[in-house]
Amino acid sequence: MTITDFLARARATRMLVVGDVMTDAYLWGRVDRISPEAPVPVVQVTDRSARLGGAANVALNAHAFGATAIVAAVVGNDDAARTLFGLFDQHQLPVHGLVRSAARRTTVKTRIIAGHQHIVRVDEEQEDPIAPPDEDQLLQVVDTIIERDKPGVIVLEDYDKGVLTPRTIAAIIARAAAAGIPVAVDPKKRNFTAYRGVDLFKPNLKELREGLKTEVVPGEAHSLRKAAAALKQTLDNKATLLTLGEHGVYATDGAEEHRVPAHHRSIADVSGAGDTVITVAALAMAQGMGLGPLARMANLAGGLVCEHVGVVPIDAARFQAECERLGVLA
């Protein structure tokens, strides 16, 4: 398969993304002095912006490849939710999977950036699990999307903000299995061991260490194999894709393994890189791509978005050019 083939098939793919959505807000400015009130910089704000984050950023990445992406999530019934819905409309993403709940608060992460320096982040969020009535509504929405939209792959995007609970996780995995839909997971710590029987499990190094409660050495093949085997024993997942930051990625399904080094990049910000990695991996899964090319493409995509400040989706044209230049699918 060539990168042209991959992109053509991606445009025909429908993806369901279930998980925590949020608004990534930014205050951009400059620092000219230190505050007389405390030893902290004074940021003179010159611009404001807002972007889709979390599970919505996965959908944006899929959309950038021309795929149809539908997000299922529970958000608040507040002003922040109205802003979020506006961003969905702005990017022409469907909103029929979003459930509003008066019992929830919509997550907003505000980053203050001066020049290219990330000064501070302010989080407004609610992290407790969604209540049973909201679980019921979410699962009803997922059922409708599976039946009506017929996604070719499901991504569970967990940011530990409460939408993915043990009940919703187990139910969605069961529904996907019954419908023959592969499931890819981008986990966090709280529900790490709840994702049993999925097709692809994609933790980063920190999540793997916390989830398995063990040390993992990214540069040692034996350590990576041991960790992947422990994951397989715990989760019975078909494949593991472990992102290792500057060490690239490690992928295995038990029968084969692939260690893919990171490409040299000028790193500006790692925010949202995991969203891009899981998007590319899920699109490759939907096409039945082998684990090796899946890992190489996902590794490249994650590095590309790190060249930009803030959370940004992949540039599909640049991705294609880099795949061709580096022979990623050769």
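One cavity of 30 Å³ or more is present in the structure. The model is a predicted one, in which local features need pLDDT of at least 70 and side-chain atom pairs count only at pLDDT 80 or more, while totals for chains, interfaces and linings use all residues. Residues are numbered from 1 along each chain as its sequence is written, and side-chain values use heavy atoms, with hydrogens and water left out.

The largest cavity holds about 80 Å³ of space. A cavity is a set of points, on a 1 Å grid over the protein atoms alone, where a 1.4 Å probe fits but cannot get out; a pocket is an open set with protein on both sides within 12 Å along at least five of seven lines, and lining residues have an atom within 4 Å of a point. Volume is the space filled by probe spheres set on the points, which are joined across faces, edges and corners. Among the residues that line the largest cavity are Asp20, Val74, Arg104, Thr106 and Lys161. Its lining has four nonpolar, four polar and four charged residues (Ala, Val, Leu, Ile, Met, Phe, Trp, Tyr, Cys and Pro count as nonpolar, Asp, Glu, Lys and Arg as charged, and the others, Gly among them, as polar).

Gly76 belongs to strand β4 (residues 68–76) (strands are DSSP runs of E of at least two residues, helices runs of H or I of at least four, numbered from the N terminus). Gly76 counts as buried because its relative accessibility is 0% (buried means under 20% relative accessible area, exposed over 50%, partly exposed in between, with a 1.4 Å probe and protein chains only).

The second largest pocket has a volume of about 180 Å³. Its lining includes Asp199, Lys238, Asp253, Glu256 and Met285. By class, six nonpolar, two polar and four charged residues make up this lining.

Helix α2 (residues 55–64) is largely enclosed by the rest of the structure, because eight of its 10 residues are buried. Among the buried residues of α2 are Asn57, Val58 and Leu60.

Strand β7 (residues 117–124) contains Val120. Val120 counts as partly exposed because its relative accessibility is 38%.
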